[in-house]
Amino acid sequence: MTPLLTLQARLRTALTGLVDDPAPYVAMLKPTQDARHGDYQANCAMALTKIWKIKPQEAAQRIIDRLPLDDVLDKPTIAGPGFINFRLKDQWLAEQVRAMAGDERLGVPAVDHPRTFVIDYSSPNVAKPMHVGHLRSTIIGDAIKRLLSFLGHKVISDNHLGDWGQQFGILIYGYKNRMSRDAYRADPVHELARLYVEIKKGFKSDEEDEAGNDPVQQACRTETAKLHAGDPENIAIWREIMPYCLADLNAIYERLYVIFDYTHGESHYQPMLPGVVADLQAKGIAVETDGALGIFLSDKPDDPPALVRKRDGAFTYTTTDLATIKERIETFKADEILYVVDSRQSLHFKNLFLAAKKWGGTIPMTHIAFGSVLDAHGRPYGTSKGGVPLLVALLDEAEVAAKTVFEKSIADRLASGHDVPDFTEAEKNEIHAVVGIGAVKYADLSQNRLSDYRFSPEKMTDTDGNTATYMQYAYARNRSIFRKGNEDPARFRSQPPVVQLTHPDERALALLLLRLGEALQGAAVEYKPNVLTGYLWDLAKSYSRFNTNCPVLKAPDASLRESRLLLCDVTARVIQQGLSLLGIRTVERM
Ligand code: ARG
């Protein structure tokens, strides 16, 4: 049981019989900001004064009088205008951390009622260079998948590739008319990307050229339409170029170690679309509008409908998404669908969910939106002259920064007379990758996902700040304590020694370790990985204070040494587990 759950149970007991429903008051229990006010604080007494018609302090006292006081809790105190301050008994904390050490799940219970989530993330448009927005979706989606899985849910990841859109008309047109055969043979993806950019740049307007003023744009549209109509030549070209595009994407996923259970791109749903539209029409959900077929979702007659078939017969992004929902419910048996997609698509998802509901899709669906990545000047990537940098270039930049940091750390250690392990070349390269990619992911995940943030390789590999690099060094230093002391960490898990909390920094560390479950729950509630990074940052700072003030290998006596080694080992495991749920790796030494 986590400290919070334990305290909530106590408070519920105290309130039972005093109020009809204790739940909202129990929910008012929060961790304190300042350890001098105890470990947790409740402000429910203030809320209850209105019901009980007594002073807040008296209300607080009434609750305290009914709190079961046992081996868990010291006697609570009343502060200020009626806050109840709770402090957990040291002995109880010590026992709980010891139990945590012996538990593979680090004391985090799996949910009682597992659900099946389908999570849609990354989902780039194939054959266009993958951009920073897809990086965010990939990183955040992967973290949410890991988090929900760890909490005990069944999570199916599905990369909804844009592999059937207008970009293929452009590429097929380019393939037929503008391609350099030699360049294509040498590096197909590079040549395709060049064609895409060159042709798109030549378009007279960014808008869809409804009037047909631009012959090239018109020709590209025709190629898309032919592809969709099953034209054998265009299908053959599509089949030829897809594997190259996929290999290119997979190289990025491998570098980010992101794995999907399914990659059902838009093309997968094409055969189902006529049936979907026919069904929508038969049920009177989609109706004729201006030669097209659309679903009216708003009461306001002027709001445009969500189109499911355009005037020229083409199906839309919405049609495909409706087919996708149907399949996810029927085949994957989804209880809930999550979409990790740029906030600029909010309107699409709002309408999609309304349309799905009309159509009978009763399961909850959530758009997990996120803000933009900004360049060094604070502008969204793509709005500046240089265009959108390739994702690969950003990852390279981060690895170079990681290398610089690592080399500096080695030089500093040598200069101050410390031992530095003899790293092999392979080990060094592994460290650069683990630190570089970890830095990119953590920088992203530690933001409130709805905010924009600036991409800065130097800041994200800062060894003193709230970064993956800081955590990874803390982890490796922690492991080196065990190496130096010739201690096998496994012993502290199979037979955890008795824990003693003799120093305030030991106690603070123990309490934070026990709050892992709260952090994971908190991160899952609104799909906010930054709740977890915030927790890890607090933990790392607490661990650093403990390290400064509580000698471990040179503890005053053998039993305290054992206890402190246990605290170290649990800390390492929590950091490693926490980072791993964010999709970030650690190394044992660096
Ligand atoms: N391919 C789209 C894009 O790059 C994102 C797809 C998101 N997923 C979905 N089911 N609509 O903008």
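These legends accompany close-up views of a predicted model. Local features need pLDDT of at least 70 and side-chain atom pairs count only at pLDDT 80 or more, while totals for chains, interfaces and linings use all residues. Residues are numbered from 1 along each chain as its sequence is written, and side-chain values use heavy atoms, leaving out hydrogens and water.

**View A. Tyr121, Tyr253 and Phe260 form a cluster linked by ring pairs.** Rings of Phe, Tyr and Trp (its six-membered ring) pair if their centres lie within 6.5 Å; planes under 30 degrees apart are stacked, over 60 edge-to-face and the rest tilted. The count by this rule is 14 aromatic pairs. For tyrosine 253 and phenylalanine 260, the centres are 4.9 Å apart and the planes at 75 degrees, so this pair is edge-to-face.

**View B. Arginine 105 places its charged end over the ring of phenylalanine 150.** The distance to the ring centre is 4.5 Å. Here, "over" asks for NZ of Lys or CZ of Arg within 6 Å of the ring centre and within 35 degrees of the ring normal. Look, too, for arginine 181 over the face of tyrosine 175, 4.9 Å from the ring centre.

**View C. Helix α10 covers residues 215–228.** Helices are DSSP runs (H or I, at least four residues), numbered from the N terminus. Within α10, Gln217, Cys220, Glu223, Thr224 and Leu227 are buried. These buried residues fall within an arc of 115 degrees (directions from the helix axis to the C-beta atoms), so they line one face of α10. Just after α10, glycine 230 has a positive phi of about 90 degrees.

How values were computed: Helix = DSSP H or I, 4+ residues; strand = E, 2+ residues; numbered from the N terminus. Expected span 1.5 Å × (residues − 1). Buried < 20%, exposed > 50% of the residue type's maximum accessible area, 1.4 Å probe, protein only.
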